[in-house]
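Morning, everyone. Let me walk you through one structure today. Have a look at it first.

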Amino acid sequence: KSKATGRNALHFFDPAMQTVVIERAALEVGLRRAIEGQQLVLHYQAQVVGDGQVMGAEALVRWQHPERGMISPAEFIPLAEETGLILPLGEWVLDTVCSQLASWAAQTGMAHLTVAVNVSAQQFRDSDFVHKVLAILNKRGANPSRLKLELTESLLVDNVEDIIEKMFALKAKGVGFALDDFGTGYSSLSYLKRLPLDQLKIDQSFVRDILVDPNDAAIARTVVALAQSLGLGVIAEGVETEAQRALLASSGCHVYQGYFFSRPLPLASFEEFVRRG
Ligand code: C2E
Ligand code: MG
Ligand code: MG
Ligand code: MG
């Protein structure tokens, strides 16, 4: 696009590129509508403690597209981030989770559940983020200590003082924090020590080949040791087999999430999974 031609005179010389741009624009319009129009849905994936007890879930968003069917977050979260739609989307997720927490608080066998919510760096960067989270918790009557926010290391390129301040403000109300996909991103152990985290989440890329790749097994053991020495909990994601679970257990990790226990499930199926025990 040449600047001199102005905004209304886009010139595409590559038809394939033009198709990509048009599809993307359609997806953006669609996503905007989806956020406003009840096409987003949350699935809940169990987080399980050693003996098999479900301690909570991670909320994972899906887009039920009227023509294309279920679209995975891997496809639309990056678009939401590029377009700023991650802010209203993230608020919808938090609001839905807080309503759910309030509902479970009144149900036998469900009141203990915690829910982990993925928070994009861009969302956390919002100067109003702390206020928004507290307002939603308050509006829905949810217990802040049942809410856990999953941050990623990508956040640490920002002003770390600001991040720490926001985390402490939410932590003071009882909100918990996990560091998602740990070990895959920009890590600084000196920052790690200063963040008021509750849990490190061993990334599934280390769990996948843990039985055959001694490096992955060593990384998992190291993350567990690091968590222990910092006084943090640790959870492994992407646990697909009993053998992976057993190796993680022998490495000192006793909280798990993965297909071996349960896939991410629609609300009713997740509730049934918890009740079956
Ligand atoms: P994540 O937070 O690391 O979530 C874990 C992903 O691993 C989920 O993919 C989950 O379905 C998948 N998974 C869980 N257990 C297993 C397993 O045993 N094996 C394998 N192979 N995969 C497993 P999903 O649901 O497609 O979500 C992908 C990513 O999208 C998430 O990665 C997260 O970064 C992002 N995401 C999802 N929901 C939200 C949201 O509400 N807000 C934001 N900002 N990001 C979200
Ligand atoms: Mg996550
Ligand atoms: Mg993860
Ligand atoms: Mg991951």
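Is aspartate 181 buried, partly exposed or exposed? Hold that thought for a moment. A word of caution before the answer: this is a predicted model. Now, aspartate 181 is partly exposed, and its relative accessible area is 26%.

Where does that residue sit?

The magnesium ion that is ligand 2 has four residues around it: Glu58, Asn118, Glu150 and Asp180. Glu58 and Glu150 give OE atoms, Asn118 gives OD1, and Asp180 gives OD. Here the range is 2.0 to 2.2 Å. The sequence pattern for ligand 2 is E-x59-N-x31-E-x29-D.

Aspartate 180 bridges the two magnesium ions, ligand 2 and ligand 3. Those ions lie 3.7 Å apart.

What about the strands? Asparagine 118 belongs to strand E4, residues 114–118, and aspartate 180 to strand E6, residues 176–182. So this pair ties together parts that are 62 residues apart in sequence.

Last point: accessibility at ligand 2. Asparagine 118 has 32% relative accessibility, which makes it partly exposed. Aspartate 180, the bridging residue, is at 6%, so it counts as buried.

To recap: two magnesium ions, with aspartate 180 bridging them.

Key. Residues numbered from 1 in each chain as written. Chains lettered and ligands numbered in written order. Predicted model: local features only at pLDDT ≥ 70, side-chain atom pairs only at ≥ 80, totals over all residues. Heavy atoms only, no water. Donors = N, O, S within 2.8 Å, 3.2 Å for Na, K, Ca; no water. Helix = DSSP H or I, 4+ residues; strand = E, 2+ residues; numbered from the N terminus. Buried < 20%, exposed > 50% of the residue type's maximum accessible area, 1.4 Å probe, protein only.
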